[in-house]
Amino acid sequence: MGDIFGFGGRSVGRSQKRQQKGADLEMMMSVNFEEAIFGTEKEVSLKKNIECDRCKGQGAEPGTDIKTCSTCGGQGVVNQVQRTILGHVKVQQACPDCHGEGKTYTHKCKKCSGKGVVKDKVKLKVKIPAGIKDGQSIRLSGQGEAAPKGGVNGDLYIVVRVESHSFFTREGDNIRSTEYIDIKQAILGDTIKISTVDGKVSLKIPEGTQSSTVFRLKGKGAYGLNSRVRGDHL
């Protein structure tokens with residue numbers, strides 16, 4: 001509640017002018033299996049509202065006057081009194097003359113038509129952290145739509161899609177693969193070369209190994225997100 005009127009009414013609303021916020025954006029990005037494990041940097045291209053470079057987001061043609069709105073005194077809001085069952089209530093609404101900006105100008109910017117923003121194609125570099133999983137998103141603060149006339153930019157959310165691998169699957173922070181050996185190797189034992197995301201490594205097969213036996217290679221799995229600790233390769 002605001003200040004009490006002298007005639008017994010009440011005041012509601014905000015005394016500060018409204019600050020606009022640009023829209024948040026979302027886009028998809030595909031990475032391969034290894035890029036998701038070790039992290040990478042990608043460049044994305046998108047079309048969005050950016051600040052008008054001609055008027056610097058002000059909306060006025062350069063060189064013309066920008067004046068404080070005489071209707072609201074630069075506050076961006078005006079007071080109106082409404083009659084309710086609770087009595088007379090003072091309500092603050094966006095100024096009808098400046099539309100909440102607190103300022104007026106005689107000549108609109110020729111490039112943006114007074115909006116302060118224009119649609120354009122931009123390129124951004126995005127760091128994909130090691131260990132990211134399919135469906136997780138990355139938030140880029142302030143990289144969404146530009147807000148007109150001094151407002152706060154929105155955010156950009158990158159939803160990551162991890163492509164499947166022909167040989168590896170991921171289970172949490174562990175990586176799983178399957179190797180085939182013959183009966184002689186299973187009975188007598190052997191040392192074989194297997195593929196991991198780090199390259200080929202040697203794996204000792206003990207004598208009498210049974211089918212579906214799982215061997216664990218410590219620290220050869222995926223990184224935990226925002227961690228340097230790795231899972232295992234199974």
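A: Here it is, and please keep in mind that this is a predicted model.

Q: OK, is glycine 144 buried or exposed?
A: Glycine 144 is buried, because its relative accessible area is 2%, and the cut-off for buried is under 20%.

Q: And what does glycine 144 touch, if I skip residues up to four places away in sequence?
A: With those left out, glycine 144 touches Ala23, Leu25, Lys48, Asn49, Gly154, Asp155 and Leu156.

Q: How far apart in space are glycine 144 and glycine 131?
A: From C-alpha to C-alpha they are 25 Å apart, while in sequence glycine 144 and glycine 131 are separated by 13 residues.

Q: What about glutamate 145, where is that?
A: Glutamate 145 is placed in the loop between β9 and β10, and with a relative accessible area of 11% it is buried. Not counting residues up to four places away in sequence, its contacts include Gly22, Lys119 and Asn153.

Q: Switching topic: which residues of the largest nonpolar core touch the most other members?
A: Those are Val126, Ile128, Ile138, Leu156 and Ile158, out of the 17 residues in that core. The elements that give two or more residues to this core are β2 (25-31), β3 (40-51), β8 (117-128), β9 (137-140) and β10 (156-162).

Q: Can you zoom in on valine 126, what is it in contact with?
A: Setting aside neighbours within four places in sequence, valine 126 is in contact with Met29, Thr40, Glu41, Lys42, Val44, Ile138, Leu140 and Ile158.

Q: Now pockets, what volume does the largest one have?
A: The largest pocket has a volume of about 540 Å³. Its lining has 23 residues, and Thr178, Glu179, Ser212, Thr213 and Phe215 lie nearest the centre of the pocket. Two or more lining residues come from each of α2 (183-188), β13 (190-196) and β14 (199-205).

Q: How do the lining residues divide into nonpolar, polar and charged?
A: The lining of the largest pocket has 12 nonpolar, 8 polar and 3 charged residues.

Q: Last one: where does aspartate 232 lie?
A: Aspartate 232 lies in the segment after β14, and it is buried, with a relative accessible area of 9%. Its side chain is joined to that of arginine 216 by a polar contact of 2.8 Å. Apart from residues up to four places away in sequence, aspartate 232 touches several others, among them Asp173, Asn174, Ile175 and Leu217.

Methods: Residues numbered from 1 in each chain as written. Predicted model: local features only at pLDDT ≥ 70, side-chain atom pairs only at ≥ 80, totals over all residues. Heavy atoms only, no water. Core = buried A, V, L, I, M, F, W, Y, C linked by side-chain atoms within 4.5 Å. Buried < 20%, exposed > 50% of the residue type's maximum accessible area, 1.4 Å probe, protein only. Helix = DSSP H or I, 4+ residues; strand = E, 2+ residues; numbered from the N terminus. Contact = heavy atoms within 4.5 Å. 1 Å grid on protein atoms, 1.4 Å probe; cavity = no way out; pocket = protein on both sides within 12 Å on 5 of 7 lines; lining within 4 Å. Points joined across faces, edges and corners; volume = space filled by probe spheres on them. Nonpolar A, V, L, I, M, F, W, Y, C, P; charged D, E, K, R; others polar. Polar contact = N/O pair within 3.5 Å; in protein donor to acceptor, adjacent residues only side chain to side chain.
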